[in-house]
Amino acid sequence: MLLFGVFVAAVGKDPLEVYQLIYAGGFGSGFAWQNTLSRAAPLILTALCVALPAQAGTMVIGAEGAVVLGGLAAAVTGYAVGDASPLVVKLAMAAAGMLIGGLWIAAAGALRQYRGVNETISSLLLTYIAIALFNHLVEGPLRDPASLNKPSTPPIGSANMLGALPGLDVHWGLGLGAIFCIATYVLIYHTTWGFAIRVAGGNARAARLVGLSVDRLVIAAFFLGGAAAGLAGMIEVAAVHGSANASLIAGYGYAGILVAFIARHNPLAILPVAVLVGGISASGGMLQRRLDMPDATVLVFQGLAFLTILASEALYGRLKLFGHGARA
Amino acid sequence: MTDIGWWGVPLAVLGGAIRVSTPFLLVSLGECITEKSGRINLGLEGILVMGAMSGYAVSYLSGNPWLGVLAAACAGLALGLLHGTLCNLPRVNDIAVGIGIMLFGTGLAFYFGKPYVQPQAPMLPSIPLGAWSDSPQIQAVLQIPPLLVIGVVLAFALDWAFRNTRWGLVVRMVGDSADAARAMGYPVNVVRTLCTGAGGLLAGIGGAFLSLYYPGSWSEGLSSGQGLMAVALVIFARWQPVHCVYAALLFGGAGAVGPALQSVGITSGYYLFSAAPYVLTLGIMIAASSPRRTLAGAPGELSIVR
């Protein structure tokens with residue numbers, strides 16, 4: 001925070017004013033909150049895509065690919081079964097998105113367990129392959145002929161869009177993300193299966209010795225993580241864009257890595273952190289308008305904050321920074 | 001292209017390989033040094049973009065593209081040293097710091113780069129090796145960028161240095177067994193920090209190539225993941241600097257297949273061809289690894305192979 005203040009001062013703006021604007025842009029009004037929470041929803045889910053495999057002792061940075069393909073699968077499903085009742089369509093879209101996203105990330109997990117391919121690199125490569133596939137399909141076979149300037153899949157129809165949460169002007173994605181997050185928390189910290197995953201992540205040999213099938217556990221964790229990211233893609237399609245197009249490739253997967261690390265891979269801590277990061281990025285537009293600073297300012301801010309938090313982990317490693325279950 | 005027909009495809013692929021592979025080569029050589037010392041720097045993507053921006057800006061302001069290259073190298077060095085220093089702290093994960101540097105570097109570059117999106121900066125010259133030929137196509141293909149020459153020479157020099165100099169041996173020892181290095185009295189963290197800094201320096205130069213030679217302008221979508229690909233490329237090259245040259249040429253060529261086919265009228269599957277390098281890398285990683293042993297030639301202390 002201080003470092004960023006120095007940076008802002010160095011380029012000739014008043015740091016306090018900038019902080020005030022970041023606050024106002026992210027959390028200062030009903031509209032700002034709405035913007036922030038809408039951005040937080042995909043972040044929660046992509047952060048889970050990092051955090052779940054991390055519980056199994058691995059590092060996945062490929063959530064972006066699962067988001068993109070999950071969104072595409074959801075859009076295609078939504079169009080294909082568009083005549084059924086809206087609830088069925090929504091469920092089918094979510095299932096398709098989660099299945100595709102899950103399989104995509106699980107592939108990285110399977111490669112790791114059965115072929116010894118490093119999952120960090122393979123998930124990253126899979127992301128680029130996913131984006132290329134997505135572009136190919138959206139501009140080719142799956143393109144809606146009516147979308148001239150911006151290639152898109154056919155729209156899913158407004159009846160099938162996700163509505164707003166009651167009493168709030170925020171779409172259902174946030175609710176889904178929160179539910180998924182809490183369910184994951186319960187799964188990881190309060191079930192035998194979650195404990196088995198953490199054992200497998202902490203010490204694979206010990207897990208094998210007590211008879212756990214480490215391979216299957218790890219791949220299942222990858223699948224669940226990928227399903228979360230695929231759901232994020234479905235939410236973006238069903239609640240924001242209405243069809244799959246290039247706006248899906250928005251970097252939510254990478255921001256999710258940031259969120260997961262700040263939350264130390266704890267599903268419950270992901271919720272507030274995602275809201276915070278969502279708020280910071282939501283304030284980008286406000287900074288641009290009021291102070292004539294480029295919207296990349298918030299990117300600098302995020303990068304600096306992230307580095308600072310990583311560095312502080314070394315200094316305050318033994319303190320329980322994030323309450324629940326953060327283990328140094 | 002029409003008058004030479006199908007020959008245009010291999011020519012275009014070759015030309016593309018020469019033009020596109022230079023940043024890959026420089027970045028992967030940098031990453032090679034870093035990984036030899038036992039660290040992995042995923043922040044090269046941010047360093048590449050930062051190098052591209054600072055190189056372009058300095059070249060534009062000073063009128064001398066080589067000053068731009070120097071500035072890009074300094075920016076890369078600074079970010080690399082930052083990464084190295086942060087990783088020296090206990091319990092700090094080098095991959096996570098890399099992602100932080102990636103965000104920070106791209107953020108800084110976009111922030112300061114805004115005013116330079118429009119103006120045209122002086123470009124780096126190229127060496128025309130195709131002067132012997134009458135065909136303008138061949139001449140165009142054989143415009144060798146000077147930084148590629150530097151990169152190739154550097155690759156062989158590094159290969160030699162890793163095997164035959166005291167410094168090369170120290171770096172490799174730190175990367176293979178930090179305990180042994182400590183026992184010999186070498187400062188492990190200092191060596192790693194310097195290696196990460198050197199890696200950042202080369203990545204910065206690679207970025208300057210992007211903005212000052214090809215594609216030859218500064219824009220925010222300039223790098224499109226090339227810094228991250230370089231990490232995969234180093235694995236592909238099995239941590240051998242000379243293999244990095246071949247790998248970079250292969251990656252560049254694979255990336256040029258799509259546009260080359262497009263020029264002779266095959267437009268479908270353009271995006272699929274652009275994914276070719278990634279599929280290639282993944283395939284080779286699958287073929288080369290096995291659950292029973294780590295990758296041959298990998299530095300023992302590298303976090304991704306442990």
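Here are some notes on this predicted two-chain model, point by point.

1. Ground rules. This is a predicted model, in which local features need pLDDT of at least 70 and side-chain atom pairs count only at pLDDT 80 or more, while totals for chains, interfaces and linings use all residues. Residues are numbered from 1 along each chain as its sequence is written, and chains are lettered from A and ligands numbered from 1 in the order in which they are written.

2. Chain A overall. Chain A has 14 helices and 0 strands; here helices (H or I, at least four residues) and strands (E, at least two) are DSSP runs, numbered from the N terminus. Of its 328 residues, 56% are buried, where buried is 20 or more other C-beta atoms within 10 Å of a residue's own, exposed is 12 or fewer, and partly exposed is in between, with C-beta atoms placed from the backbone. Take the contacts in chain A between residues at least 6 apart in sequence: 75% of them join residues at least 24 apart. A contact means that the C-beta atoms of two residues, placed from the backbone, lie within 7 Å.

3. Helix 7 of chain A. This one covers residues 173–190, 18 residues in total, and reaches 25 Å from first C-alpha to last, close to the 26 Å expected at 1.5 Å a residue. That expected span is 1.5 Å times one less than the number of residues. Its buried residues include A:Gly173, A:Leu176, A:Phe180, A:Thr184 and A:Ile188.

4. Helices 11 and 12 of chain A. Their axes are 9 Å apart and pack at about 135°. Axes are lines fitted to C-alpha atoms, for helices over the stretch in contact, and angles run from 0 to 180 degrees between N-to-C directions. The pair is therefore oblique: under 35 degrees would be roughly parallel, over 145 roughly antiparallel, 65 to 115 roughly perpendicular, and the rest is oblique. From helix 11, A:Ala255, A:Leu258, A:Val259, A:Ala260 and A:Ile262 meet A:Ile270, A:Val273, A:Ala274 and A:Val277 of helix 12. Those residues divide into 9 nonpolar, no polar and no charged. For the classes, Ala, Val, Leu, Ile, Met, Phe, Trp, Tyr, Cys and Pro count as nonpolar, Asp, Glu, Lys and Arg as charged, and the others, Gly among them, as polar.

5. The chain A–chain B contact. Chain A puts in 37 residues and chain B 39. On the chain A side, helix 5 (86–115), helix 6, helix 11 (252–262) and helix 14 (297–315) each supply at least two residues, with helix 14 giving the largest share, 12 residues. The chain A side splits into 23 nonpolar, 11 polar and 3 charged.

6. A:Ile121, A:Leu124 and A:Leu125 make the contact with B:Leu228, B:Val231, B:Ala232 and B:Ile235, and the residues come out as 7 nonpolar, no polar and no charged.

7. B:Gly46. Worth a look in helix 2 (residues 44–62) of chain B. B:Gly46 counts as buried because it has 32 C-beta neighbours inside 10 Å. B:Met102 is 56 residues away in sequence, yet the two C-alpha atoms are 3.9 Å apart. Leaving out residues up to four places away in sequence, B:Gly46 touches several others, among them B:Leu79, B:Phe104 and B:Thr106.
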